[in-house]
Amino acid sequence: MTNQPGRRSRGLTIALLIVAVVIVVGTIIVVVSATRGGQISASARPSSSAQPETSAPADPNTDTEEGTVQPSPSPFTGAVLPEPMGGQEAIDALGDKIEIVAKRNAMTVEELEELLLRDKTAQVSTTGFIVYIDTFKNEG
């Protein structure tokens, strides 16, 4: 019976070591997932059906077999402007990218141009989204 404290201590050490390994492995999985943008690769994704994956339709805005409309992928994912801009300055700086910004904001090019020229608080962010800037100046 004199060996009991040693066994208990050894058992506790092994249990703590197992918990530490589980925490480290979990942390590594979270970090890897975060650096990949939270996306699981197609080979690692569990399949909910036995059907093979099919490629996307040629036109991503067409109806699929299920009757849903697939969003069109953004052809430009980086910065569209060096800094947020509004009005004619934004329209001129965007150039050919204005079509991408309009689609990104569910607008036509004409609607986007009209908004930027009409609303002085509307601006295009560096990533191409419409934002509204309020100066909170007391006019009066």
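## Exercises on a predicted model

V25 sits in helix α1, which covers residues 4–35. Keep in mind that the model you are exploring is predicted. Let's work through it together.

**Exercise 1.** Work out how the buried residues of α2 are arranged around its axis.

*Solution.* 
- Step 1: Pick out the buried residues of α2, which are G87, A90, I91 and L94.
- Step 2: These residues lie on the same side of α2, because they cover an arc of only 100° around the axis.
- Step 3: Now turn to the face directed away from that buried side, where you will find the exposed residues E89 and D92.
- Step 4: Ask what the buried residues pack against: the partners are α3, α4 and β1.
- Step 5: Just after α2, look at G95, which takes a positive phi of about 55°.

**Exercise 2.** Describe the largest nonpolar core and the contacts of V80.

*Solution.* 
- Step 1: In soluble globular proteins, nonpolar side chains tend to be buried together.
- Step 2: Here, the largest nonpolar core has 15 residues, and those with the most contacts inside it include V80, L94 and V124.
- Step 3: Two or more residues of this core come from each of α2 (87–94), α3 (98–104), α4 (109–118) and β1 (122–124).
- Step 4: Setting aside neighbours within four places in sequence, V80 is in contact with several residues, among them L94, V101, V124 and G128.

**Exercise 3.** Find out whether Q123 is buried or exposed, and what Q123 touches.

*Solution.* 
- Step 1: Locate Q123 in strand β1.
- Step 2: Its relative accessibility is 19%, so Q123 counts as buried.
- Step 3: Leaving out residues up to four places away in sequence, the residues touched by Q123 include P84, M85, L116 and F129.

**Exercise 4.** Say what stands out about the phi of A106, and where A106 lies.

*Solution.* 
- Step 1: Most residues other than glycine have a negative phi.
- Step 2: A106 is a residue other than glycine, yet its phi is positive, near 55°.
- Step 3: A106 is placed in the loop between α3 and α4.
- Step 4: With a relative accessible area of 72%, A106 is exposed.

Notes. Residues are numbered from 1 along each chain as its sequence is written. This is a predicted model: local features need pLDDT of at least 70, side-chain atom pairs count only at pLDDT 80 or more; totals for chains, interfaces and linings use all residues. Side-chain values use heavy atoms; hydrogens and water are left out. A nonpolar core is a set of buried Ala, Val, Leu, Ile, Met, Phe, Trp, Tyr and Cys residues joined through side-chain atoms within 4.5 Å. Buried means under 20% relative accessible area, exposed over 50%, partly exposed in between (1.4 Å probe, protein chains only). Helices (H or I, at least four residues) and strands (E, at least two) are DSSP runs, numbered from the N terminus. Contact means heavy atoms within 4.5 Å. The arc is that of the directions from the helix axis to the C-beta atoms.
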